Amino acid sequence: MTSEPIVAALDIGTAYTTALVAAVHGDVPRAPRLKVLGVGHTRTMGLRRGMVSDIEEATRSIRAAVEEATHLAGVAADGLFVGIAGEHVRAMTSSGVVAISGHEITRPDVERVNEVARAMAIPQDRELLHAIPQEYRVDKVDGIRDPVGMIGTRLETEMYLVTIGSSPAMNLRKAIERAGYRTRELVLEPLASALAVLTEEEKELGVVLVELGAGTTDLAVFHEGKIRHLGTIPFGGQTVTSDLVQGLGITQHDAEQIKDAYGCAYEPLIDPQQVIAMPASGAHGERHISRELMTHIIHQRMDEIFEKAQREVHQAGFTGRLNGGVVLTGGGASLEGIRELAADVFGLGVRIGVPGAKLDGLVENVTQPQFATAVGLALYGAHREALGGVVARKGGRPGASVDKLASRVKTWLQDFF
C-alpha cells in the first residue's frame with residue numbers, strides 16, 4: 001500500500017458521468033502530478049443542461065461511475081471534487097481597499113483586502129463558488145500580481161466572483177450524498193478544464209476555452225494569466241442531435257449513432273456524393289442518407305454556437321486580444337471538422353484541448369477532450385493537497401487539516417486561475 005494521497009473527481013455531464021481516481025505524486029508543493037488509477041464512464045440520467053432534474057436517476061449515474069473507477073483503482077473514494085456548470089452560473093467583479101499600517105505589505109494584509117473584496121452581498125438564492133483575485137494595486141501602481149514585500153500605504157484588489165444557484169448546487173450535493181459519497185468541493189467546470197488543457201503561455205497571451213458539452217456550451221476567457229470572462233450558451237451536442245432528428249426524419253437513437261460514426265461539422269470536407277446506409281427499423285426499410293445533408297445540418301448549428309461564443313468574447317471586450325487563440329474541449333470537440341469551423345468563425349488559431357500533461361498511469365483512458373473536466377478536477381484536488389495537507393489516503397479518510405483550511409483557501413485561487 002502506498003502512502004501517496006488519493007484524489008477523486010466527478011464530472012456529471014448532461015450526456016455522460018465520469019469519475020476519476022488518481023494518486024498525487026511528484027513535486028507536490030510546486031508541481032504535483034497525477035497517476036491515474038481508475039476511470040468510470042457511464043451514461044447520465046436525471047440531468048438537463050447541467051442541472052439535476054431527477055435525483056434518483058442522477059444518483060444511479062453517479063454511483064455507477066464512481067464504483068467503476070474505484071473498482072479499477074482498488075481504492076475507496078470518500079470526498080469528491082465535483083464539477084458544476086450551467087446557465088445558473090454568474091460572474092461579477094468586486095474591489096477591496098485597505099490601509100497598510102506598516103511600511104511593508106505582508107500576507108495578512110493581502111488576506112485582509114481579499115476578505116473586503118469578497119464581502120459583497122450575495123442573494124439568498126445564490127452561493128459564492130469562487131473568488132479569484134485578478135490583480136492588486138499599491139498606492140497608484142497597478143497590475144501587481146503579488147504585493148507581499150512591497151512598500152505602500154494603500155492596498156487595493158480587484159476580484160472575480162463566481163456564484164451559482166443555491167438550488168442546483170443543493171440538488172447536486174444531495175444526489176452525491178444519496179450515492180454514498182461526500183462533496184469535497186464544487187468547482188466550475190470550465191476552470192477545471194482550463195487546468196487540464198491550457199498552458200501558462202496561452203493564458204498570458206489571451207485564450208478562450210470553449211467547452212462543447214451535450215446540454216450547454218461553456219466558455220472561459222483568460223488574459224494576462226487570469227480568468228476574465230465566463231459565459232454559457234444554451235445549446236450543445238443534444239441540440240445537434242435534435243436537429244438531425246428533425247432534418248433527416250430519423251429516430252433519436254439513429255441520429256446519435258450516425259453523428260458518432262459519420263458526423264462532421266465542416267461542409268467543405270465532405271464528398272457531395274457520399275451516402276450513409278441506415279439500418280432498417282420499424283416501418284422503415286433500409287434507407288440511404290446524404291452525408292452532405294447531415295453535415296450541412298451539423299455545420300449550421302455549430303456555426304450558430306460559435307457565433308454566439310464569438311459575440312460573448314466581443315461583448316466582454318477581448319476581440320483582437322486573444323493571441324493564444326481558441327482551445328476546444330468537451331465531447332463535441334471530437335467531431336470531425338470542428339477545428340476548421342471554429343477557425344473560420346473566430347478568425348483565430350484553434351486547437352483541440354486534450355489532457356495529458358502532468359499525468360501518469362492509465363493516461364490512455366483519458367486522452368480525449370471529453371475527459372478534460374474530470375482530469376482538471378483531479379488536478380485541482382492535487383493542488384489542494386499541496387495547500388492543505390492530506391486529501392485522502394488509501395485505507396483512510398480525508399485529513400481534518402484540509403477541512404479547516406478549505407473554507408479559507410478555496411476562494412483564493414490566483415495560483416490556479
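Here are a few notes on this predicted model, from the overall picture down to one helix and one hairpin.

1. Ground rules. Local features need pLDDT of at least 70 and side-chain atom pairs count only at pLDDT 80 or more, while totals for chains, interfaces and linings use all residues. Numbering runs from 1 along each chain as its sequence is written, and side-chain values use heavy atoms, with hydrogens and water left out.

2. Overall. The protein has 11 helices and 19 strands (DSSP runs, H or I of at least four residues for helices, E of at least two for strands, numbered from the N terminus). Of its 417 residues, 53% are buried (under 20% relative accessible area with a 1.4 Å probe, protein chains only; exposed is over 50%). Take the contacts (heavy atoms within 4.5 Å) between residues at least 6 apart in sequence: 67% of them link residues at least 24 apart.

3. Helix α7 (residues 252-262). Asp254, Ala255, Ile258 and Lys259 are its buried residues. They span an arc of only 130° around the axis, so they sit on the same side of α7 (the arc uses directions from the helix axis to the C-beta atoms). Their cover includes α6 (237-248), β15 (275-278) and α8 (291-315). On the face turned away from the buried side you'll find exposed His253, Asp260 and Ala261.

4. β13 (residues 217-223) runs antiparallel to β14, with seven bridges joining them (pairing takes at least two DSSP bridges). Valine 221 has histidine 229 in β14 as its bridge partner. Two residues separate the strands, and glutamate 224 in the turn has a positive phi of about 55°. Seven of the eight residues of β14 (residues 226-233) are buried, so this strand is largely enclosed by the rest of the structure.
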